[in-house]
Amino acid sequence: MLAQRTLKSLTRAVGVGLHSGQRVELTLRPALPDSGIVFRRVDLPQPVDIVISPEAVTDTRLASTISSGSAKVHTVEHLMSACAGLGIDNLVIDITAEEVPILDGSASSFVFLLQSAGIELQGAPKRFVRILKPVEVREGEGANVKWARLSPYEGYKLSFEIDFDHPAVDSTGQRVEFDMGSGAYSRDIARARTFGFTKDVEMMRANGLALGGGLDNAIVMDDYKVLNSEGLRYNDEFVKHKILDAMGDLYLLGKPLLGAYSAFRSGHAMNNKLLRELLAHPDAYEIATFDDEKNAPKGFATLARAW
C-alpha cells in the first residue's frame, strides 16, 4: 500500500518571525498514524494543540495564521509547503512563540530539517482528497479579477499566474506550472523566497509588521530593481514562491490533494476560501487510498531524496 509518513527522529531549528521579529524555537517530532499535523504552543502556561484544518485558519493577511481559542501560530505556509512537498502526513511541531521562523524566506530550510530527521513509512494507508468535479472561487471584475480553482486530475499539479506592474517582476516569468509527478519540489520550488517592496516594508513596520524581515530572508525591491546583491535563485522566483505558498495553504486541508490547482493573482485568503468551498460541496471530492503503491500517481510513492 501507499503508506503514511512521519519523521524517524526529532529535529530542531531556531530563528526569528518575519513579522514579529521574535526569537522562536521549533521542535519537529514524529507522530502516530492518522494524527495529522499539529502545532503545539509550548510557551503557554498550558500547552495548546492547534490541529491543521481549513477552519483553523483565522487570519490570511500577509500570511496564513491558524488558531485554537486565543492561541495562534502565524506564517505556517512555508513549513506546510515543505511537508506537502515531502509527503509528510503526521507531525507534531512544538513552537515557543506565535510565529514560525522565517529562516531564509523559502521552504528549503524546512525541507533540509525534515530530511535530516529522516522520513519513516507508517503502517496506515495514505489518505488523499481526490477532486471529482471543478470548484472555483472568484473576486473582482475586469482588471481587478482574481480566482482560484481545483479540477479533477489523477496526480497533483499547480499552475499560477501573477500580475505585478513592476520592472523587476515584469522581466521574469509571471506564470509557472509545477507537477508533483516530476519529483523535483526540493529543486524547483522549495528555494523560492518571499518578496516585498521597500515602500510596503516601511508601511508594514510602522504597523508592527515585517520586523524580522531583511535581505537575508526575502527578495526586496525598490521601485525599479531587486536589491539583493546575489539576485534571484530562479528566473521566475516570484511566481514560484506563489506556488510554494499555495502548496502550503492547500495542505492545511489536512490531507494531500489529487487534483489540479490553477490560480490568477490568488493569495492566502483566496486559497483558504477555495478549501472551504470544496468542503461545502461533498459531491466534489472523495477520500482515496492506494492498496498498491504502483497504482499511485507518479511522484507520490517515491520517498524524496536526501540532500
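R127 is partly exposed, with a relative accessible area of 31% (buried is under 20%, exposed over 50%, partly exposed in between; 1.4 Å probe, protein chains only). The model is predicted: local features need pLDDT of at least 70, side-chain atom pairs count only at pLDDT 80 or more, and totals for chains, interfaces and linings use all residues. Residues are numbered from 1 along each chain as its sequence is written, and side-chain values use heavy atoms, without hydrogens and water.

R127 and D34 form a salt bridge at 3.4 Å, N to O (a side-chain nitrogen of Lys or Arg within 4 Å of a carboxyl oxygen of Asp or Glu). R127 lies in the loop between β10 (119-125) and β11 (128-131) and D34 in the loop between β3 (23-30) and β4 (37-41), so the pair ties together parts 93 residues apart in sequence. Strands are DSSP runs of E, at least two residues, and helices runs of H or I, at least four, numbered from the N terminus. D34 is partly exposed at 48%.

## Other salt bridges

The structure holds 20 salt bridges. One of them joins D89 and K126, with the closest N and O atoms 2.8 Å apart. D89 sits in the loop between α1 (77-86) and β9, and K126 in the loop between β10 and β11, 37 residues apart. Both D89 and K126 are buried.

## Positive phi

Most residues other than glycine have a negative phi. L103 has a positive phi near 50° and is in the loop between β9 (91-95) and α2 (108-117). R265 has a positive phi of about 60° and is in the loop between β18 (257-264) and α7 (268-279).
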